[in-house]
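Q: I would like to learn how to read helix packing and ligand contacts in a model. Please take the features one at a time.

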Amino acid sequence: MAKHDPEENETEVGKARLFVPDALVEDAEVALDPGQSHYLRHVLRLAPGDPVQLFNGRDGEWLARIDRFAKQGGTAIAERMTRTQPPAPPALVLAFAPIRKQRLDVLIEKAVELGATRLCPVLTERTSHGRLKRDRIEAQIREAAEQCERLDLPELDDPQPLPAFLQDWGTDIPLLLAAEAGEAKPLAELALEFPAGSPIAFVIGPEGGFSARELAFLTANPLLRAVGLGPRILRAETAAIAVLALWQGLRGDGASRPPGRVG
Ligand code: SAH
């Protein structure tokens, strides 16, 4: 039976919150990778016995205690669940044309904070930065999820050409294309056509926008609806933030408070 001091005050609960792949059950020994171990030991200056919050996207959030640090990583022992794993949220898919690194970093981090459930890099004719470093993006996703206290991670697709993405789309999730030109209904208006909690997907173009051929191809796609984000031309990362924030506030979880969070 894991020891637990009922008097332990909440502020003592781990300052650190880490994503781990291992199962989280009482008394489980959980592996910390070398980076996590270094962060806890040398950045947060924590020691064995100190608490950390762990989540794995399946078993909720757990208070764990650092067990030991070692060269090739460390271990922690799961003590008690502090937040239950919520049901998977409705799909909130963001398909985006990869953009230059600094801006892509912002897009990825904000998409995680705003609750995107799946990230789909799509290669368009004017995509200028098609080569993505998957492990770097996966680390950014984990860090953003740890910071914003999500209990799940969005899926990350491999990059694919936009036509192939549309070809494979198949599912019945509506696709809203953020179109900075042409006929496009304002997103705030179009969102109201959907019931709250609807699954949805957004497509954001590259820095250079969609080519005329792509826009013709896209707007001919029956699955796709064009949405507008106002009269200004937004940077791709701004458009990504705008569609996710607007959608969450109108039809998603933007209006709800996570259970158990006060103030
Ligand atoms: N075509 C512009 C820039 C495109 S901005 C140019 O060449 O300067 C990158 C993407 O952000 C666009 O493809 C579109 O998906 C989205 N976007 C930017 N401003 C938008 C707006 N006002 N309404 C809808 N989408 C917009």
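Q: At what angle do the axes of helix α2 and helix α7 cross?
A: Axes are lines fitted to C-alpha atoms over the stretch in contact, with angles from 0 to 180 degrees between N-to-C directions; helices are DSSP runs (H or I, at least four residues) numbered from the N terminus. In this predicted model, the axes of α2 (residues 101-113) and α7 (residues 236-251) cross at roughly 10° and come within 9 Å. Therefore α2 is roughly parallel to α7 (angles under 35 degrees).

Q: Which residues of α2 and α7 make the contact?
A: With contact meaning heavy atoms within 4.5 Å, α2 contributes R103, V106, L107, K110 and A111, and α7 contributes A236, E237, A240, I241 and L244.

Q: How many residues surround the ligand?
A: A residue counts if one of its heavy atoms lies within 4 Å. The ligand is surrounded by 19 residues, the closest being A178, E180, L229, R232 and L234.

Q: What conventions apply?
A: Residues are numbered from 1 along each chain, and side-chain values use heavy atoms, without hydrogens and water. Local features need pLDDT of at least 70, side-chain atom pairs count only at pLDDT 80 or more, and totals for chains, interfaces and linings use all residues.

Terms used:
Helices (H or I, at least four residues) and strands (E, at least two) are DSSP runs, numbered from the N terminus. Angles under 35 degrees count as roughly parallel, over 145 as roughly antiparallel, 65 to 115 as roughly perpendicular and the rest as oblique.
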